[in-house]
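Have it open while you read.

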Amino acid sequence: MRHRTSPPEGTSAQGTGDVDVVGMWVTADGHIRQELLPDGRYDEARGTRRSAYTGRYTVTGSHLDYVDDTGFTATGDIRDGVLFHEHLVLYKETQA
């Protein structure tokens, strides 16, 4: 499934070609778990702290823009199926 959310105010989205990002993304050690939801929201857990960060995200091609509910912004890029989110490297969990 491709995922497209509305871009943040003042920006415009590219037409097509967005990568599939919906699902759970996890660091190799499992400490950080970032769930990208189909409605354009995300929920990030850190260790035992559930919902440590929540907010919205948009996808343009293989690039992600995040806006935390507190207003903090971040970016990410998917390369070869790996999400590089600021200083983090996350891998998509697959359904068994």
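**Notes on the strands, the core and one glutamate**

1. Start with Glu 44: at 3% relative accessibility it counts as buried, because the cut-off for that label is under 20%. Keep in mind that this is a predicted model.

2. Where does Glu 44 lie? It belongs to strand β3, which covers residues 41-46. Its side chain makes a polar contact with the side chain of Arg 46, at 2.7 Å.

3. Leaving aside neighbours within four places in sequence, Glu 44 is in contact with Ile 32, Arg 33 and Gln 34, with Ser 51, Ala 52 and Tyr 53, and with His 85.

4. On to strand β1, residues 23-27. This one is mostly covered, with 4 of its 5 residues buried.

5. Which way do β1 and β2 run relative to each other, parallel or antiparallel? They are antiparallel, joined by 4 bridges, and Gly 23 stands opposite Leu 36 of β2. The two strands form a hairpin with 4 residues between them, and Gly 30 in the turn has a positive phi of about 75°.

6. β1 also pairs with β8, again in the antiparallel sense, over 3 bridges. Thr 27 has Leu 90 in β8 as its bridge partner.

7. Last, the largest nonpolar core. It has 15 residues, and the ones touching the most other members are Val 21, Leu 36, Tyr 57, Leu 64, Tyr 66 and Leu 83. Two or more core residues come from each of β2 (32-36), β4 (49-60), β5 (63-68), β6 (73-79) and β8 (88-92).

Terms used: Residues are numbered from 1 along each chain as its sequence is written. This is a predicted model: local features need pLDDT of at least 70, side-chain atom pairs count only at pLDDT 80 or more; totals for chains, interfaces and linings use all residues. Side-chain values use heavy atoms; hydrogens and water are left out. A nonpolar core is a set of buried Ala, Val, Leu, Ile, Met, Phe, Trp, Tyr and Cys residues joined through side-chain atoms within 4.5 Å. Buried means under 20% relative accessible area, exposed over 50%, partly exposed in between (1.4 Å probe, protein chains only). A polar contact is a pair of N or O atoms within 3.5 Å; within protein, one must be able to donate a hydrogen and the other to accept it, and residues adjacent in sequence count only if both atoms are side-chain atoms. Contact means heavy atoms within 4.5 Å. Two strands pair if DSSP finds at least two bridges between them.
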